[in-house]
Amino acid sequence: MTLPLPDLGTLALAAVAALLAAGLLAPIEALGWWAGWFGSEPEPLTPEEPVDPSPSGWLVFLSGVHSVGGATFAPRERAFLERLRAELPDIHVIEVFPYSVTNRALTGQRLFARFWRWALARKMSRRQLAGIAGMVINFRNAWQVAVSADRRYGPMYDEGSADLILRALVRDGYLRGSDAPLVLVGYSGGGQIAMGAAAPLAGRTGRPAQVVSLGGVMASPRSGEGLARLVHLRGRNDAVARIGAAFFPGRWPWVRWSTWNRLKADGRIEVVDLGAMDHTGRAGYLDDEMHLPDGRTHQRATVDTIVAVVRDALRTVEADGGGQPS
Amino acid sequence: MDGVGALVAGALRLDPAAFTAIASDPAGVRIAALVLIGSGLSHVLGQSVALVANRVPPWRFVLSIALGAAIFAASVGVWAGALGVAGAVAFDRPTPFAQVVAIVGLAHAPRLFGFVALTPYFGAGIGAALTVWTFLALAVGARATFGFSLTEALFALGAAWLVTELLARTVGRPVVAATRRIRERVAGRPGADGTERRR
């Protein structure tokens, strides 16, 4: 006996219901963390091992919505980070999984870890249909971006992100009160998380953070507090970043009173055109095969731009007479 | 129209027959109370972020939701009373209080989806859409039960709103203040219910 196949309408309705249910469940992790419903406090902030020599600064990379844990699995992203580390030998480049305020990888110690491992396997598969199944990871993480962008949940989620980033920094040898600049690089949805974390992170470190959004999908910030500078890198063929901007009314150019537009007018938000780059994949920001008219690969040009922002931040600290804490 | 489900479905479709059916149903008030308890719980849950933001413990959270739902149902009852008074005084259409409670309760069926306001980013918009949907259901219900024209229905709803606001800001002040104190005591934190103080 075979079961009848559901019609397309039923399937679409089921997909919408599942998406809505996922959205309703999305804030629970951040809310529970904030309210202390999930048990004890995490371990105290201590470095794992002494860092020698002390870096000139830190760059924290927050991956896009395709990620499942702290260390990226995407080959292009890995190559991009390797190049960034090679170009910035005096800077510590660390990765943080931005879509869990409790710092748990989707494939780690979770109730649905087996499901996420299955989805990751589909995502890594070269078969197109399986890849579509792997998109559930993107949807799950996109809802976390919406949580950060939400006026009700955002402040709590962003506190969690800042806590997470600070813990990763301290584990890497960062000393609170250090003048070494912090640059948060958020790719895609990571742009929203980086921007949201800037204010609470500045509250913890005592220094405003620099944020680089790489094709960031993000709302207008709730305030400019704790944000030294935001550089939004955007490719001309990046439909995802364009649709993302259209999604958030505070990003619309004619909403002149929005924080985004006010900071842009002040020069604290800078939009940089990276040329004919796409959001991801071949011809994306991290692709090392496609070339720009000036002969550089997309990845090379992206790294060059981020390196320039980091060097700029270092120069500002030097000009302010900053250095490592004693 | 038979059964609670059919009545709720009719109210959600803004079908006037659902409201005339509940108005003539001897169990109308009980059905309306059932709808109000469900919609109250759902609505209050949808507005519960302030409780979590104030780090209310889980048991206080559950109690606060239950209390909030009871207050929601009671406030709808007051609103029904105001609508009944507006219908009788302004339009000379006296209607039994039980009937008014039944239609006003059923008209809150869209609030059964109130919990969906918890959806990140879209929640505020969804909450506003539910408010409009409930208002339209009230208008349809008032027209079907009182025999109002559209303008009369809108006027009566506006008058009922005005009466409840006046009551809350005058003779009802001690009740509002006492309700607030109870909510804060249950939540364990001042202002944890997320409601604004009346000035």
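At what angle do helix H3 (residues 28-46) of chain B and helix H5 (residues 58-91) of chain B pack? The two helices of chain B pack at about 125°, and their axes are 8 Å apart.

## Basis of the model

This is a predicted model, in which local features need pLDDT of at least 70, side-chain atom pairs count only at pLDDT 80 or more, and totals for chains, interfaces and linings use all residues. Residues are numbered from 1 along each chain as its sequence is written, while chains are lettered from A and ligands numbered from 1 in the order in which they are written.

## Helices H3 and H5 of chain B

Axes are lines fitted to C-alpha atoms, for helices over the stretch in contact, and angles run from 0 to 180 degrees between N-to-C directions. The angle therefore makes H3(B) oblique to H5(B). (Angles under 35 degrees count as roughly parallel, over 145 as roughly antiparallel, 65 to 115 as roughly perpendicular and the rest as oblique.) The crossing of H3(B) and H5(B) is right-handed; a crossing is right-handed if the near helix is turned clockwise from the far one by less than a right angle, and left-handed if anticlockwise.

Residues of H3(B) in the contact include B:Leu36, B:Ile37 and B:Gly40, and among those of H5(B) are B:Ile65, B:Gly68 and B:Phe72. Two residues are in contact if their C-beta atoms, placed from the backbone, lie within 7 Å. By class, this contact of H3(B) with H5(B) has 10 nonpolar, 3 polar and no charged residues. (Ala, Val, Leu, Ile, Met, Phe, Trp, Tyr, Cys and Pro count as nonpolar, Asp, Glu, Lys and Arg as charged, and the others, Gly among them, as polar.)

Chain A contains 10 helices and 6 strands. Helices (H or I, at least four residues) and strands (E, at least two) are DSSP runs, numbered from the N terminus. Of its 326 residues, 43% count as buried. (A residue is buried if 20 or more other C-beta atoms lie within 10 Å of its own, exposed if 12 or fewer, and partly exposed in between.)

The axes of helix H6 (residues 154-171) and helix H7 (residues 190-205) of chain A come within 7 Å and cross at roughly 70°. H6(A) is therefore roughly perpendicular to H7(A). Their crossing is right-handed. The contact of H6(A) with H7(A) has 8 nonpolar, 3 polar and 3 charged residues.

## A buried loop residue

A:Thr107 lies in the loop between strand E2 (91-96) and helix H4 (113-124) of chain A. A:Thr107 is buried because 20 other C-beta atoms lie within 10 Å. The C-alpha atoms of A:Thr107 and A:Val68 are separated by 6.6 Å, although these residues are 39 residues apart along the chain. Leaving aside residues up to four places away in sequence, A:Thr107 touches several residues, including A:Gly69, A:Trp116 and A:Leu120.

## Nonpolar cores

A nonpolar core is a set of buried Ala, Val, Leu, Ile, Met, Phe, Trp, Tyr and Cys residues joined through C-beta atoms within 7 Å. The largest has 81 residues, and A:Leu184 is one of those with the most contacts inside it. A second, separate core of 42 residues includes B:Ala32 and B:Val76.

## Where the chains meet

In the contact between the chains, 18 residues of chain A meet 11 residues of chain B. H5(A) gives the most to the side of chain A that touches chain B, with 4 residues. That side has 14 nonpolar, 2 polar and 2 charged residues.
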